[in-house]
Amino acid sequence: MPDQRKRTRHYRKDNGFKGQSTPKPAAAKKVEEQVRAKWQPKVKQRVCNAAETNGFMLHISGTFGYSSAAGSTDDPRPRTITHKMPGSVAQKLYAARDAGASQAEQERILAEGLREHYFKDNGHRARGLDVELNDVSWTDVEGL
């Protein structure tokens, strides 16, 4: 019959390696700064390159104003949209950000991108449509 005694394990309070423990706050801060200085820009550049090449997913909720051919309404309408935006929009957004564009200017770029790629389906429909992003409730971006 197997031994039914309760076995307990004793763990070391540190990380288990002789001579190593948690670094002092000043040393930990210095290590973190060095990692951020070397690693973070590379990660950001990879994300930028991927967004410019493959596009990004935009989730947005806001009020959109429309104007089109005579007889159509231009009343703003609340909409929630999820759409895969092309890399060209990411390039425009990065260029605007690097030039110091305001949030309103970046929202205008997103509205133009949505007009061309979501509402007009890359020129296949709604040729005379103009879209204005009047109010943004929330935005979430994947891959940008």
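Which residue of β2 stands opposite T63? In this predicted model, that place is taken by P78. The pair is a handy way into the sheet, so to speak, and the rest of the chain can be laid out around it.

Starting with the overall layout, the chain holds three helices and three strands. Read from the N terminus, the elements come in the order α-β-β-α-α-β. Of the 144 residues, 24% count as buried. Among contacts in the chain with a separation of 6 or more, 68% are accounted for by residues 24 or more positions apart.

The three strands make up an open sheet, ordered β2-β1-β3, with antiparallel pairing. The edges are taken by β2 (77-85) and β3 (130-142), each of which pairs on one side only. On average, and with direction ignored, neighbouring strands of this sheet are turned by 30° against each other.

Strand β1 spans residues 56-67 and pairs with β2 in the antiparallel sense through nine bridges. Besides T63 opposite P78, there is L58, whose bridge partner in β2 is H83. With β3, β1 pairs over 11 bridges, again in the antiparallel sense. Here G62 has V136 as its bridge partner in β3. β1 is also mostly covered, with nine of its 12 residues buried. As for what lies over the sheet, helix α3 (residues 103-119) sits across β1, β2 and β3, and runs at about 80° to β2.

Now to the helix pair. Two packed helices are described by the angle between their axes and the distance between the axes. For helix α1 (residues 25-54) and helix α2 (residues 87-98), the angle is about 135° and the axes are 6 Å apart. Angles over 145 degrees would count as roughly antiparallel and 65 to 115 as roughly perpendicular, so α1 is oblique to α2. On the α1 side the contact is made by V47, C48, A51 and E52, and on the α2 side by G87, A90, Q91 and Y94. By type, the residues of this contact split into five nonpolar, two polar and one charged.

G87 is found in helix α2. Its relative accessibility is 8%, under the 20% cut-off, so G87 counts as buried. Setting aside neighbours within four places in sequence, G87 is in contact with A51, E52 and G55. Along the chain, G87 and E52 are 35 residues apart, yet their C-alpha atoms are separated by 4.0 Å.

That leaves the aromatic rings. How many aromatic pairs are there? The count comes to two. One of them is formed by Y118 and F119, with 4.9 Å centre to centre and 85° between the planes. Since planes over 60 degrees apart count as edge-to-face, this pair is edge-to-face. Ring pairs also bring in F64, linking F64, Y118 and F119 into a cluster.

Terms used. Residues are numbered from 1 along each chain as its sequence is written. This is a predicted model: local features need pLDDT of at least 70, side-chain atom pairs count only at pLDDT 80 or more; totals for chains, interfaces and linings use all residues. Side-chain values use heavy atoms; hydrogens and water are left out. Axes are lines fitted to C-alpha atoms, for helices over the stretch in contact, and angles run from 0 to 180 degrees between N-to-C directions. Helices (H or I, at least four residues) and strands (E, at least two) are DSSP runs, numbered from the N terminus. Angles under 35 degrees count as roughly parallel, over 145 as roughly antiparallel, 65 to 115 as roughly perpendicular and the rest as oblique. Contact means heavy atoms within 4.5 Å. Ala, Val, Leu, Ile, Met, Phe, Trp, Tyr, Cys and Pro count as nonpolar, Asp, Glu, Lys and Arg as charged, and the others, Gly among them, as polar. Two strands pair if DSSP finds at least two bridges between them. Rings of Phe, Tyr and Trp (its six-membered ring) pair if their centres lie within 6.5 Å; planes under 30 degrees apart count as stacked, over 60 as edge-to-face and the rest as tilted. Buried means under 20% relative accessible area, exposed over 50%, partly exposed in between (1.4 Å probe, protein chains only).
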